[in-house]
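Thanks for asking me to look this over. Here are my notes, point by point, to read alongside the model.

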Amino acid sequence: MNNQLNVEIPSDSEVIIGILNNSDSVLKKLYLAYFPMVLQLIINNNGDEDEAKDIYQEAIIVLYNKIKRGDFELSSKLKTYIYSVCRRLWLKRLKQLNRNAGNIKDFEEYLPVEEEVERHEERDMQINKMGEALKLLGEPCKTIMEDFYMHNRSMQDICERFGYTNADNAKTQKYKCLQRLKKLFFQQ
Amino acid sequence: MRDNQLLEMIDRYLAGEMTPQEREEFELLRQKDNAVSAKVEEHKNFTSLIKQYNERVNLETRLNAIHQEVDVHTLKDDLMAHPSWIVQMWRNHHSKISVAASVAILAVLLTLFITGDLSNKDPRFQQLKADVERVKSQQDRLGKQQQNIINTVKSGPSANAKFRGTGFAISSNGYIVTNFHVVNGGDSVYVQNDAGESFHTKVIYTDPANDLAFLQIIDTAFKNLGPIPYTFKKAKSDLGEEVYTIGYPGNDIKIAPGALTGATGFKGDTTEYELYIPVNPGNSGGPLLDNKGNIIGIINGKQTEAMGVGFAVKSNYLLKSISNIPADSLTKTLSLNTKNTMASLSRPQQIKKLRNYVFMVKVYNQ
């Protein structure tokens, strides 16, 4: 991997602090630092570069959430952690695609991360369901939900944006929208 | 309390918009009413999912933006576990390569076999026994008719000789020396004299290291040859000396004059002389004589790369070999002649005398 020497590898603590502070530059450094490793893993194990991208981004999300939750312990190197998650995710993907999932050609050491990947996937499923529900929700409900629950806008703001004559109307509308969203979410 | 009002309260509670007083009241309500508490948890989880979805979308957007900057194609080329080109070539074409290699090996073996190089003989050195079988193969039909007539005249085997060389007497009572390579592999060995008479012989001793073989005529028709006219030279002969050999490269006796050109033989073999002499297959085993009629060697080969270069085993090795013959193998006394009766003769007169003591060696095998 000597041809990756030109990529700056950030220190693990730099990454953790950067992610906690929502630093774009650190995220970028992290991303660029370990993508080649994962690309190597995937393309040498029956995958292509697009699959490598998917797997790698998923692993970065797992790591990102883990750091955000504050439970990333520096007991293992970030590199090893990312590799292990990617490896696990790729093994599962290979199994689903019925491509040779027997043994994987490894390039790095790895840790057992099965449980974490399991938990991530459950959460991921919920989030995807939410995404689907929001897509089906339609306007103006979608924007109201997004403004209120995602962007933490106040009812007053929302009132003005949608031209509701009073806050109560807006609240009623929000309530109706929330009920619909729940219905859509649980129907899936 | 209506559901929407409760939810509104929960939203405000979770968003931290309540006044401290409202907050206290709400927490009391939560403690009292489990249904309210469950509702709070449920709502919290649900709205957090909406937040998480948003965060996920944002993060994915950021990651995709970063990914745009990665030169995936170049990386991919670098990171593919490229086996060396020779391994790739093997993987892609191994069946073809295998077939080609087999054919090549077969061809090489066949060539070596045909040219006779499969044995450890040097192709530049040719032993001078005549492969009669090959020469005569076309004459077989003709020869067979004649053979019957010839056989009535001469005693001898009915089949054609497989190999042929030359040999000469080392004693008057029927001991003959020739080259080991002439008799090697043969079942029976006959010698034929200048008059065309064949005698059955027995190989009594061989010295492969010096390419020598000793025969004894065991045929009842054989009579004593009379005193041998030549002697064996013990000392080394000098370069430039005029020499000649006499032998059977063809069906009749032929003489080949030459000169001693080197003190060592093929590839510096010190047991041989190098000669400038026209010798051919069939000359092997013939005597090499100097002008005085001394045996100075035995012709055993020629160089194929240069015209006229022949080799002969030095006579002192012949003498050494003779002394090594086990006494058990000798049924008659083998005494070497010490009196040279040809020293003062001219070459044609020498040859006249010599020819009675030089034989065609015919080797048969089944």
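Predicted model: local features only at pLDDT ≥ 70, side-chain atom pairs only at ≥ 80, totals over all residues.

1. Helix α1 (residues 3-15) of chain B packs against helix α3 (residues 34-68) of chain B at an angle of about 60°, and their axes are 10 Å apart. The crossing of α1(B) and α3(B) is right-handed. On the α1(B) side the contact is made by B:L6, B:L7, B:I10 and B:L14, and α3(B) brings B:V36, B:K39, B:V40, B:H43 and B:K44. Sorted by class, the residues of this contact are six nonpolar, one polar and two charged.

2. Next, the place where the two chains meet. How many residues of chain A are in contact with chain B? There are 31 of them, and they touch 26 residues of chain B. On the chain A side, at least two residues each come from α2 (24-43), α3 (49-69), α5 (114-137), α6 (141-150) and α8 (167-187). α2(A) gives the largest share of that side, ten residues.

3. A few words on chain A as a whole. Of its 188 residues, 31% are buried. Among contacts in chain A between residues at least 6 apart in sequence, 61% join residues at least 24 apart.

4. Chain B has another make-up, with ten helices and 14 strands. Buried residues account for 30% of its 366 residues. For contacts in chain B with a separation of 6 or more, 68% are between residues 24 or more positions apart.

5. Six strands of chain B form a closed barrel in the order β2-β3-β6-β5-β4-β14, with antiparallel pairing. From one strand to the next, the twist averages 40°.

6. The partners of β6(B) come next. Strand β3 (residues 175-178) of chain B is joined to β6(B) by four bridges and runs antiparallel to it, and B:V177 stands opposite B:F214. Strand β5 (residues 198-207) of chain B also pairs with β6(B) in the antiparallel sense, over six bridges, and here B:D207 stands opposite B:L212. β5(B) and β6(B) form a hairpin with four residues between them, and B:D211 in the turn has a positive phi of about 55°.

7. Moving along from β5(B), strand β4 (residues 188-192) of chain B pairs with β5(B) in the antiparallel sense over four bridges. In this pairing B:Q192 has B:S198 as its bridge partner.

8. Now the nonpolar cores. Which residues have the most contacts inside the largest core? They are B:I176, B:V177, B:V191, B:L288, B:A312 and B:V361, in a core of 53 residues. Leaving aside neighbours within four places in sequence, B:V191 is in contact with B:G167, B:I176, B:F199, B:T201, B:L215, B:I217, B:F359, B:M360 and B:V361. There is also a second, separate core of 35 residues, which includes A:A59, A:L63, A:Y83 and B:L75.

9. Finally, one more set of strands in chain B. Strand β8 (residues 242-247) of chain B and strand β9 (residues 254-262) of chain B pair in the antiparallel sense over six bridges, and B:E242 has B:A259 as its bridge partner in β9(B). β8(B) and β9(B) form a hairpin with six residues between them. β9(B) is in turn joined by three bridges to strand β10 (residues 272-276) of chain B, and these two run antiparallel. The bridge partner of B:G262 in β10(B) is B:E274.

Note on methods. Residues numbered from 1 in each chain as written. Chains lettered and ligands numbered in written order. Axes fitted to C-alpha atoms, helices over the stretch in contact; angles between N-to-C directions. Left-handed = near helix turned anticlockwise from the far one by under 90°. Contact = placed C-beta atoms within 7 Å. Nonpolar A, V, L, I, M, F, W, Y, C, P; charged D, E, K, R; others polar. Buried ≥ 20, exposed ≤ 12 C-beta atoms within 10 Å, placed from the backbone. Core = buried A, V, L, I, M, F, W, Y, C linked by C-beta atoms within 7 Å. Pairing = 2+ DSSP bridges.
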